[in-house]
Amino acid sequence: SRVAASAAVRTIAWRSGAFHGKTPPGTTPYERPLLGSRATSTVETQQTIQYVNAVGTVQPRRKADVASRMLATINEILVNPGDAVEVGQLLCVLDDREVQAQLREAEASAAGIEADLAVRQREYERYQRMFAEKAVTKEDLDRIVGAYQMTQAQLQTVLEQANRIKITLTYCQIKAQAAGVV
């Protein structure tokens, strides 16, 4: 095994050039032939037409996927592929009949609650006067105040629902978020 190791070390040393003479850098003479009797040529610039065939795809700088926040039937598409569009331009209209019905329902409910609130407000004011004259008990006044405040809260809830439905209606009109080409 020592013989094999010694042979391996000698082989590595021989391959790395340990047994050959070395010339230091920059000391090797290099002959530069002179132009002398050689033939010369003049170089001229020429314009040529060069054609290159390439296969590829066109990718937009900015790609926008258009989608709706709600599931509905498309009533109308207002643009075609290749059309240029501006920011905010209407692209497509979805069926909004169900959402319109929900809005009418919320508005009717709000109108009913507003009428009830007007009655409860007059009743509240009347009971305040009667309580000041000691014609009703504190318990009766508290019951009327509670009913009045409950009706106010119901009205606020229905108005917020109507606002939410109005926002949902805007989802039925899909508009361009950026200028570009369809």
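Me: Why does Asp-95 count as buried?
Reply: In this predicted model, Asp-95 has a relative accessibility of 18%. Buried means under 20%, so Asp-95 counts as buried.

Me: Where is Asp-95 found, and which residues does Asp-95 touch, not counting those up to four places away in sequence?
Reply: Asp-95 lies in the loop between strand 3 (90-94) and helix 2 (97-132). Asp-95 touches Ala-72, Thr-73, Asn-75 and Cys-172.

Me: What makes the meeting of the Asp-95 and Arg-97 side chains a salt bridge?
Reply: The N to O distance is 2.8 Å. The cut-off is within 4 Å, between a side-chain nitrogen of Lys or Arg and a carboxyl oxygen of Asp or Glu, so the pair qualifies as a salt bridge.

Me: Is Arg-97 buried or exposed, and why?
Reply: Arg-97 has a relative accessible area of 61%. Exposed means over 50%, so Arg-97 is exposed.

Me: How do you know that Lys-138 and Asp-142 are separated by about one helical turn?
Reply: Because they are 4 residues apart in helix 3 (residues 138-170). Lys-138 also forms a salt bridge with Asp-142, with the closest N and O atoms 3.2 Å apart.

Me: Why is Lys-138 called partly exposed?
Reply: Its relative accessible area is 47%.

Me: What makes strand 1 (74-77) and strand 4 (173-175) edge strands?
Reply: The open sheet has 3 strands in the order 1-3-4, with antiparallel pairing. Strand 1 and strand 4 each pair on one side only.

Methods: Residues are numbered from 1 along each chain as its sequence is written. This is a predicted model: local features need pLDDT of at least 70, side-chain atom pairs count only at pLDDT 80 or more; totals for chains, interfaces and linings use all residues. Side-chain values use heavy atoms; hydrogens and water are left out. Helices (H or I, at least four residues) and strands (E, at least two) are DSSP runs, numbered from the N terminus. Contact means heavy atoms within 4.5 Å. Two strands pair if DSSP finds at least two bridges between them. Buried means under 20% relative accessible area, exposed over 50%, partly exposed in between (1.4 Å probe, protein chains only).
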